[in-house]
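Student: I have a model open and would like to go through it with you. Can we take it piece by piece?

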Amino acid sequence: MTHFDANGQAHMVDVGAKAETARIAVASGHIRMLPTTLELIASGGHKKGDVLGIARIAAIMAAKKAADLIPLCHPIPLTRVTVDFALDLAGSSVQCTVSAETVGRTGVEMEALMAVNVALLTVYDMCKAVDRGMTITDVRLLEKHGGKSGSWQAA
């Protein structure tokens, strides 16, 4: 466990000697809801406005704040964050996929995961008045590239 020193104490990993490389992480998650709630989102008819547009901005802001909320996470300069939403009418859900990129000494997995979570929480917050039973599910890392460990992709 790299976040513990020889005495078992938590510490921030020293990444100073690592080479700067291009790094990318992609994460996704879903929020399931009533069909009527999804219709409000899809039609733009929600009285609070553009639910997915606001969730997209929230996701980007969250990616930039990951190190403020996760104690041993390094603050990193993000070079790009993309946020995409896919509506699943049959499954009555919204999928959020985030790609975070940097050129640096540590990965961007936490930034991508933080962004997905906050995007989905924003959808929940904006729609809770009409659907308190929404469920956020399946938040996970899909892939990462760069750094000493190279590439990884979820099965």
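Predicted model: local features only at pLDDT ≥ 70, side-chain atom pairs only at ≥ 80, totals over all residues.

Student: How many bridges join strand E1 to strand E4?

Tutor: E1 covers residues 21-32 and E4 covers residues 135-145. Ile31 stands opposite Ile136 in E4. Two strands pair if DSSP finds at least two bridges between them. E1 and E4 run antiparallel, and their bridges number 8.

Student: In what order do the strands of the open sheet lie?

Tutor: The sheet has 5 strands, and the pairing is antiparallel. The edge strands, E2 (78-88) and E5 (152-153), each pair on one side only. The order is E2-E3-E1-E4-E5.

Student: Which residue in the turn between E4 and E5 has a positive phi?

Tutor: E4 and E5 run antiparallel, joined by 2 bridges. Glu143 stands opposite Gln153 in E5. The two strands form a hairpin with 6 residues between them, and the residue with a positive phi, about 105 degrees, is Gly146.

Student: What distance does helix H2 reach from its first C-alpha to its last?

Tutor: H2 has 14 residues. The expected span is 1.5 Å times one less than the number of residues. That gives 20 Å, and H2 is close to it, reaching 20 Å.

Student: At what angle do the axes of H2 and helix H4 cross?

Tutor: Axes are lines fitted to C-alpha atoms, for helices over the stretch in contact, and angles run from 0 to 180 degrees between N-to-C directions. H4 covers residues 109-127, and the two axes come within 7 Å. They cross at roughly 145 degrees.

Student: How many nonpolar residues does the contact of H2 with H4 have?

Tutor: Contact means heavy atoms within 4.5 Å. Residues making it include Ala55 and Ala59 of H2, and Val118 and Thr122 of H4. Ala, Val, Leu, Ile, Met, Phe, Trp, Tyr, Cys and Pro count as nonpolar, Asp, Glu, Lys and Arg as charged, and the others, Gly among them, as polar. By class there is 1 polar residue, there is 1 charged residue, and the nonpolar ones number 15.

Student: Is Ser99 buried or exposed?

Tutor: Ser99 lies in strand E3. Not counting residues up to four places away in sequence, Ser99 touches Ile24, Ala25, Val26, Arg80, Val81 and Thr82. Buried means under 20% relative accessible area, exposed over 50%, and partly exposed in between (1.4 Å probe, protein chains only). The relative accessible area of Ser99 is 14%, so Ser99 is buried.

Student: How far apart in space are Ile76 and Glu101, C-alpha to C-alpha?

Tutor: Ile76 sits in the loop between H3 and E2. Ile76 counts as buried because its relative accessibility is 19%. In sequence, Ile76 and Glu101 are 25 residues apart. In space, C-alpha to C-alpha, they are apart by 9.9 Å.

How values were computed: Residues numbered from 1 in each chain as written. Heavy atoms only, no water. Helix = DSSP H or I, 4+ residues; strand = E, 2+ residues; numbered from the N terminus.
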